[in-house]
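Student: I would like to work through this model by its side chains and backbone. Please take my questions one at a time.

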Amino acid sequence: MKYALRRPLDWFSDIALSPQTSAWSIGSAFLTGALLEISTHPKPGLVTPRSNGAHRDMNLQTFMVSSAVIAPCLYQCAEAGLDHSGPAWALLPRVRAIGAVYEARLLAATRGVNTQRGLLFSAGVLSAAAGLVARKEALTETALFDTAAAMVAGICDRELRAGLDQDPVTAGEKLFRQYGVLGIRGEAEAGYPTVRSHGLPALRAARASGATLATALTHTLIALMAETEDTTVLWRGGPEALAFMHTKARKILALGGALTGDGLAAIHALEARFIARHISPGGAADLLAVTLGVDALSGGELPPIFPAEAKPFAPCNP
């Protein structure tokens, strides 16, 4: 018997159909990434179905609510891309306007708790970029990342470097002023190199190894934690916390990541260390959701839910 999540993600293959169907397909890819990220365990310092991680103001239900709230934004951003006939950079104001509406709705739904604002930005930009590519040519990873980079070209100059004579307002502006980091704006403007070079290869290596879905998701997260310039970690713990995360994640990868018993044991041990130090790699978590969305749009097949030797429960006959 085959399971839905063991088949290729067929509903993302509708991009060649009507614009409305394409927009739903694109938005659904990134929403799937968000939901799978939320459901992943273990995730050191992060909210999972079994732990609130290093957080006291959010839990699994908080993320479920915020994911439901932002879902229409991803469809609308994809639709904006599909409807856009100008240069990529001219699409960004429309996407930012859509995002601002849903950012306000997210914060209202969570009573001011920031669960997925970073993901809202990245998934919105990439959904719009996917729509823009799909209206003209076959959607490929290279075209998707290049179009996303073209959409946000100059964003670091406009929103970070140009405001040095003004008081910083957002967390990203404050961190740039203090440490010179570009955060998610820099990641987007560079065409998501952390996703390209670390997230997607780790996910695909886990899939090729025969790992289960849960193991593949955790393994991919660790690969992203090892390289992400995670402004959530930087905001909560400064450069020392970010260096600590990078060092520990790289050591876990050297053990084989979540694909080996030693690596998985180290991941579980790291959970307590992160909680004690209030470290929460929210930036890496957002990029995990992005990685999954991009892989889905590229025709990726989710790993099996159960190990190959496991058998599902048989239905009870009355």
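Student: The charged end of which residue sits over the ring of F244?
Tutor: This is a predicted model, in which local features need pLDDT of at least 70 and side-chain atom pairs count only at pLDDT 80 or more, while totals for chains, interfaces and linings use all residues. Residues are numbered from 1 along each chain as its sequence is written, and side-chain values use heavy atoms, with hydrogens and water left out. A charge sits over a ring if NZ of Lys or CZ of Arg is within 6 Å of the ring centre and within 35 degrees of the ring normal. At 4.2 Å from the centre of the F244 ring, the residue is R277.

Student: Is Y75 buried or exposed?
Tutor: Buried means under 20% relative accessible area, exposed over 50%, and partly exposed in between (1.4 Å probe, protein chains only). W24 has 47% and counts as partly exposed. Y75 has 13%, and is therefore buried.

Student: Why is the pair of F244 and F274 tilted?
Tutor: F244 belongs to helix α11 (residues 231-254) and F274 to helix α12 (residues 261-277), 30 residues apart. F244 is buried at 12%, and F274 is buried at 0%. The ring centres are 6.1 Å apart, and the pair is tilted because the planes are at 45°.

Student: Where in α9 does the kink lie?
Tutor: The bend at a residue is the angle between axes fitted to the seven residues ending there and the seven starting there. In α9 the kink is about 30° and comes shortly before the proline P201, at G199.

Student: Which helices do the buried residues of α9 pack against?
Tutor: The buried residues of α9 include V195, L200 and L203. Contact means heavy atoms within 4.5 Å. The partners are α5 (141-151), α8, α10 (213-225) and α13 (282-297).

Student: What is the phi of Y192?
Tutor: Most residues other than glycine have a negative phi, and most peptide bonds are trans. Y192 lies in the loop between α8 (183-189) and α9 (193-208), and is buried with a relative accessible area of 0%. Its phi is positive, near 55°.

Student: Which peptide bond is cis?
Tutor: P42 is found in the loop between α1 (19-39) and α2 (60-83). With omega near 0°, the cis bond runs from H41 to P42.

Student: How far apart in space are Q116 and S66?
Tutor: Q116 lies in the loop between α3 and α4 and is buried, with a relative accessible area of 2%. Among the residues that Q116 touches are A34, F63 and S66. Q116 and S66 are 50 residues apart in sequence, and their C-alpha to C-alpha distance is 7.2 Å.

Technical notes. Helix = DSSP H or I, 4+ residues; strand = E, 2+ residues; numbered from the N terminus. Phe/Tyr/Trp six-rings, centres within 6.5 Å; stacked < 30°, edge-to-face > 60°. Lists of a residue's contacts leave out its neighbours within four places in sequence.
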